[in-house]
Amino acid sequence: MYDINSFKIKENPVILGLESSCDETAAAVIRGRKLLSDKIISSATEQAKFGGVVPEIASRAHTEAVDEVVRQAVSAAGITLKDIDAVAVTYGAGLLGALLVGLSFAKALAYTLNVPLIAVNHIRGHMAAAYLVEESLKPPFITLLASGGHTAILHTQSYTRFEVLGGTCDDAAGEAFDKVARVLGLEYPGGVNVERLAKNGKNCVPLPKCLVKNSQTMQFSYSGLKTAVINFCHNAEQKGERVVKEDIACSFQHAAVDPLVAKTVECAQKRGVKTVTAGGGVIANGYLREALAKECKKAGIKLVLPEKGFCTDNAAMIAAEGLIQYLSGNFSPLDINAKAQIPLK
Ligand code: KG4
Ligand code: ZN
């Protein structure tokens with residue numbers, strides 16, 4: 001009989017993390033905060049033909065990959081299924097069909113092994129990635145979160161409590177990178193390609209910063225910035241002028257990233273918090289990473305930055321958030337459903 005109130009909490013549990021919210025089927029194993037394995041099977045190349053993620057293709061790809069990716073993760077961790085103490089899985093936000101593949105698999109595995117199921121909010125996973133970078137990392141810290149669906153600065157006060165200090169009022173930073181990539185004729189996934197192009201460009205195109213001027217609430221807006229890039233390209237085209245794509249990419253990158261970095265450091269200073277972390281796909285951006293490191297150093301703030309592969313979607317971060325939930329005994333019932341959207345708070 002599966003009873004979620006019967007599970008004992010271990011100090012250093014072995015947790016299998018599973019992630020299938022978008023186009024990556026990922027599995028990872030941690031013991032305590034130590035990462036034992038991390039595997040990803042991605043359908044991104046197949047999706048690239050369509051210029052973005054096609055939900056049906058993603059669901060099918062997950063169905064084909066989920067069993068294999070778990071096998072790989074378990075084997076690379078040097079464990080057997082019987083060693084697993086809990087199964088953590090993304091239950092939202094994301095593509096419903098895609099989420100359901102990972103969630104159903106995780107439910108079946110947790111039930112079979114008679115271990116807790118921990119349903120993880122994908123965004124909380126991005127925030128938890130930093131725990132695997134440094135085993136001694138403890139709240140409080142400020143997190144810069146920037147992914148394809150979210151952009152926010154958060155104050156994590158304890159392992160289970162956080163406050164949203166600011167965020168976007170329209171598009172997310174990653175979404176803007178992807179849209180600008182399309183305008184510049186770059187392939188999906190866009191963010192990394194904008195970064196590549198920006199390396200050979202100059203910050204010389206006048207673009208608005210992504211910050212809404214409002215001292216009360218601290219809000220970012222990426223939709224205006226994206227529109228400014230589109231208008232700049234159209235105007236040049238109408239005048240028959242040649243646009244230097246590298247310069248547009250570089251200028252956009254500055255406009256999109258600089259305020260995020262500045263405001264993150266400012267939040268840490270205002271709150272008297274000495275540590276900054278970051279998570280989400282946009283944090284894989286090399287320019288952002290360098291700028292954040294530089295500004296944190298200048299301000300005497302410690303930066304705990306996950307490696308690039310742990311900023312974009314992965315299962316290690318889901319296992320990490322699973323660990324936080326596990327240690328506070330926050331287990332999920334087997335009838336929990338996937339959710340396409342979950343509010344940040
Ligand atoms: O966290 P993530 O992998 O998936 C979501 O949860 O959304 O983030 C994906 C987003 C995409 O918009 C992608 O273009 C962006 O992160 N991204 C980047 C870079 N790598 C991924 N943006 C800028 N520079 C990069 N190197
Ligand atoms: Zn993500």
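I will start with the ligand site and then turn to the backbone.

Please keep in mind that this is a predicted model.

First, the site. Ligand 1 sits in the largest pocket. Which elements give two or more residues to the shell around ligand 1? They are three helices: α4, covering 122–133, α5, covering 173–183, and α6, covering 190–198. The largest share comes from α5, with four residues.

In total, 20 residues surround ligand 1. The closest are His126, Gly148, Asp178, Glu195 and Gly281. If you sort the shell by class, you get five nonpolar, 11 polar and four charged residues.

Now the polar contacts, one at a time. For Asp178, the side chain is involved: one of its polar atoms is 2.6 Å from an oxygen atom of ligand 1. For Gly281, the backbone is involved, with an N or O atom 2.9 Å from a ligand oxygen. Gly174 also uses a polar backbone atom, and there the distance to an oxygen of ligand 1 is 3.0 Å. As for cover, ligand 1 on its own has 550 Å² of accessible area, and the protein covers 86% of that.

Next, the backbone. Most residues other than glycine have a negative phi, and most peptide bonds are trans. Here are some exceptions to look for on the screen.

Gly92 and Ala93 are joined by a cis peptide bond, with omega at about -15°. Ala93 is in the loop between β4, which is 86–92, and α3, which is 96–113.

Another cis peptide bond joins Tyr188 and Pro189, with omega at about -5°. Where is Pro189 placed? It is in the loop between α5 and α6.

Last, Asn114. This residue is not a glycine, yet its phi is positive, at about 55°. Asn114 is found in the loop between α3 and β5, the latter being 117–121.

That is what I had. Thank you.

Notes
Residues are numbered from 1 along each chain as its sequence is written. Chains are lettered from A and ligands numbered from 1 in the order in which they are written. This is a predicted model: local features need pLDDT of at least 70, side-chain atom pairs count only at pLDDT 80 or more; totals for chains, interfaces and linings use all residues. Side-chain values use heavy atoms; hydrogens and water are left out. A residue is near a molecule or strand if one of its heavy atoms lies within 4 Å of it. A polar contact is a pair of N or O atoms within 3.5 Å; within protein, one must be able to donate a hydrogen and the other to accept it, and residues adjacent in sequence count only if both atoms are side-chain atoms. Accessible areas come from the Shrake-Rupley method with a 1.4 Å probe; for residues, only the protein chains shown count as cover. On a 1 Å grid over the protein atoms alone, a cavity is a set of points where a 1.4 Å probe fits but cannot get out, and a pocket is an open set with protein on both sides within 12 Å along at least five of seven lines; lining residues have an atom within 4 Å of a point. A molecule sits in a cavity or pocket if more than half of its atoms lie within 2 Å of its grid points. Ala, Val, Leu, Ile, Met, Phe, Trp, Tyr, Cys and Pro count as nonpolar, Asp, Glu, Lys and Arg as charged, and the others, Gly among them, as polar.
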